[in-house]
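I set out to look up a few points of architecture in this structure. The entries below follow the order in which I consulted them.

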Amino acid sequence: MTETIWLTTKLAAVTTVLLLLFGTPVAWWLARSKAWWKEVIGAVLSLPLVLPPTVLGFYLLIALAPDSPIGQLIQAVFGTTLPFTFEGLVVGSCIYSLPFVVQPVRNAFEAMGDRPMEVAATLRASPANAFFTVALPLARPGLITGAVLGFAHTVGEFGVVLMIGGNIPGETRVLSIAIYDHVEALEWGQAHLLSGGMIVFAFIVILIMMMADRQMRRRAQ
Amino acid sequence: MTSSSNQNTEFKARFRQTLGTFTLDVDTHLPAKGVTALFGPSGCGKTTFLRCLAGLEKAAEGSLTMGGKIWQDQSTFLPTHKRPIGYIFQEASLFPHLTVRDNLNYGMNRSKETVNEGNVEETANLLGLNKLLDRHPDYLSGGERQRVALGRALLTSPRILLMDEPLSALDQMAKEDIIPYLEELRRTLSIPIVFVSHDIREVERLADHMVLMDEGRITASGPLIEMLSNPALPFAQADQTASILEGSVVSYNQDEQLTEISVEGHPILVPGKIGETGESRRIRIAASDISLSREKPSETTILNVLPAVIQSVEALEAGRFNIFLGLGQENQCKVIARISSLSQKKFAFAPDQTVYLQIKGVSMIEKY
Amino acid sequence: MERLKRQTVKSHRFACLMILSLIFPRQAAADTIHIAVASNFVSTAKKIVEAFGKDSDHRILLSSGSTGKIYAQILKGAPYDIFLSADSETIDKLQTRTADRATYALGKLVLLGARRAVLKETVSTSLNTSDLGKLAIANPKTAPYGRAAIETLTSLGALEKLKPHFVTGENITQTYQFVATGNASFGFVALSQVQDLNKTRYKIIEQDLYSPIRQDAALLSRSAGKPGARSFFSFLKSEVSKEIIRLSGYDLP
């Protein structure tokens, strides 16, 4: 059980860090760009919000298979395939949790408006410099919300992991799968323990989010 | 259309930009010295013009040279952060995550020019900010914030200061708080200032030059004092019209509490102590506060009586007349007097006549 | 005017009746039988229901799910009449709620190879290769076919050697997916799942390597007095049903 909790935490942490690294520039582009087709990209990135996770998992399983083009490319580059590995779960989780990180960060960048970046430009800050010294600090509540949501969502993820994980202890057997297993095996005692823990965790997450939200609103006033 | 051909002009700007139904179409020279006001009703394009100067807006067609350096032409567009400008926005727009000190440092640390305006402490002193340095912007008043914004812009050692309605977001108290600092800057700063305003009082008080804009075009431009007293422009006809005179402080009479200011060789007495001897001061005389006399009045309570020559006489609506007068040796200093049509009938004022102006001293300087 | 209105009302009523009769055909005289069936048996169960419907007016509702979930639902009062389980242990546990029980099929385990994999003469030689890749099995804790796969490998003495290659599907369907998509080279699945595949793709595991996968059905006590339910339960054991079950890839008890 400790192994499962540690693995789940590691998966969520790695996913969250990657999503903040890659999702923040994407959120910035979505908030700033004036291209008409940006909403098309935005919609594609938001698909995991509405798609059943099993759909995503199913397509990932097909796309990443050793005899698929993507699978062969990955095998050629990394010498291994992704399904049934921790790395595979990270890829799946990143796709699945992407909108939960991008959306709040994008909202924060949009709420900021153009003015802070303009001010920074009149004070000799290059766009990249202004992004790091002005935009990111001002978007902090959004980044916190995104990180917490991304982390929590990855912890709670089930469908994708079920499809591409293979339930390998210490590698792909995360909490939600373990709970499902216990329920299926009629081991309700253990299921209660883990499920109860998840409820407490979810409560804490939502509490943190609400407090971050309050901070953001106080800053806006 | 009035325009002055100032040979010192360093800022050459031409912009053409269409935004929806609005088109900005300007082609002008801005003086290299002093304060230029971009004046006009809201929606006339003055802010867009200023943003084009700063590079915050990229006009589709345009060219801009500053002191011989090209900032924009067909192939060049110098981005804002590479232009040596200071820019003041309508709202102070301080960075809320930084203290006042870090806000002031932000631009200074990124400015390539050597710091010639002194350090943060000095600027903070100048703008009365030294007690606020460690505060966050959330805890400042509107006037204080705008002063920090001003200091922050000045610390980048700009070669030109651009201000977009810097006072309009402030209440009367905050305006009173900041205007003396702006006047101080006007006197001490060697760089040109361009500021956008829709308030003629601000312009009268601060500007040396005025660019009058309407519907995206420049309708007139020139030295402020000429513009205000130009019969062809709408300012002279306004109800509250006034003349602005520049003079230098001669002396202060402690017993009578009057300051003598010399305007084109004529002494004008102003109540209170105003400036130090030798300093240049601007005074405002409302047209309705001037009465005219054919003879030099010998017995009058009016302190300031000046000879002047009538330049032109113009009938206004509602039974009033504007008399445009010249002061000084070449009559170059323009003053407007507003009289009733009954008086005009009785005296039949006409150009080239010499008259005496009686100015009610107490009303000469208006508090902003 | 009044007459016209009455006529309209009449024709409305008629239309309503027509629609109702379309929705509930021949409903009045027959029972509605609610059958819960383990996922792996759904397609076969549908064929049996179809055959049953030829001589019967009863209406049949099929719900499918994993055996464990259906068990939990029955404990919490789900309104099922008959339960077709994928094992016999679950029916054992439902003993107090069962009016009648029967083994309706014996599951047969096969080793399925992915499209690229090479199946050799025997299971042992097929799995004894250096580049084995992943071997998919159903979760032995919850799925009878997973348990059978473990038993088979134990009988062959290959369990410890192959354990590192395991990927576990939550059920037999997912295990099949792992192999069908090529993500696992081999997998232990049910013969019923590979009926449409070329015979070279799979090997049937000899029955003496694993204990029989008995799939038991229960007529639940709450429905003991329901003629429709009893009638279907008997039909399940008829020759017609047996033939369908056999053709679907199961042995018979």
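**Entry 1: chain A.** I note at the outset that this is a predicted model. I looked up the secondary structure of chain A and found 11 helices and zero strands. Read from the N terminus, the order of elements is α-α-α-α-α-α-α-α-α-α-α. The C-alpha trace of chain A spans about 65 × 40 × 25 Å along its principal axes. I then checked burial: 43% of the 221 residues of chain A count as buried. Among contacts in chain A with a separation of 6 or more, 73% are between residues 24 or more positions apart.

**Entry 2: where chain C touches chain A.** I recorded 16 residues from chain C and 17 residues from chain A in this contact. On the side of chain C, strand S7 (166–169) and helix H8 (172–180) are the elements that give two or more residues.

Entry 3: I traced an open sheet of five strands in chain C, with the order S2-S1-S3-S10-S4 and mixed pairing. Which strands stand at the edges? They are S2 (59–65) and S4 (98–107) of chain C; each has a single partner strand, so one side of each lacks a neighbour in the sheet. From one strand to the next, the twist averages 20°.

I next examined one pair within the sheet. Strands S1 (residues 32–38) and S3 (residues 82–84) of chain C run parallel and are joined by three bridges. C:Ala36 has C:Phe83 in S3(C) as its bridge partner.

Two helices were then checked against the sheet. Helix H2 (residues 42–54) of chain C packs on the sheet and touches S1, S2 and S3 of chain C, with its direction at about 175° to that of S2(C). Helix H9 (residues 227–236) of chain C lies across S1, S3, S4 and S10 (213–220) of chain C, and runs at about 160° to S10(C).

**Entry 4: a helix pair in chain B.** I looked up helix H4 (residues 142–154) and helix H5 (residues 172–188) of chain B, which pack at an angle of about 25° with their axes 8 Å apart. H4(B) and H5(B) are therefore roughly parallel to each other, and their crossing is right-handed. From H4(B), B:Gly142, B:Gly143, B:Gln146, B:Arg147 and B:Leu150 meet B:Ala174, B:Asp177, B:Ile178 and B:Tyr181 in H5(B). I classed the residues of this contact as four nonpolar, three polar and two charged.

Methods: Residues are numbered from 1 along each chain as its sequence is written. Chains are lettered from A and ligands numbered from 1 in the order in which they are written. This is a predicted model: local features need pLDDT of at least 70, side-chain atom pairs count only at pLDDT 80 or more; totals for chains, interfaces and linings use all residues. Axes are lines fitted to C-alpha atoms, for helices over the stretch in contact, and angles run from 0 to 180 degrees between N-to-C directions. Helices (H or I, at least four residues) and strands (E, at least two) are DSSP runs, numbered from the N terminus. Angles under 35 degrees count as roughly parallel, over 145 as roughly antiparallel, 65 to 115 as roughly perpendicular and the rest as oblique. A crossing is left-handed if the near helix is turned anticlockwise from the far one by less than a right angle, and right-handed if clockwise. Two residues are in contact if their C-beta atoms, placed from the backbone, lie within 7 Å. Ala, Val, Leu, Ile, Met, Phe, Trp, Tyr, Cys and Pro count as nonpolar, Asp, Glu, Lys and Arg as charged, and the others, Gly among them, as polar. A residue is buried if 20 or more other C-beta atoms lie within 10 Å of its own, exposed if 12 or fewer, and partly exposed in between; C-beta atoms are placed from the backbone. Two strands pair if DSSP finds at least two bridges between them.
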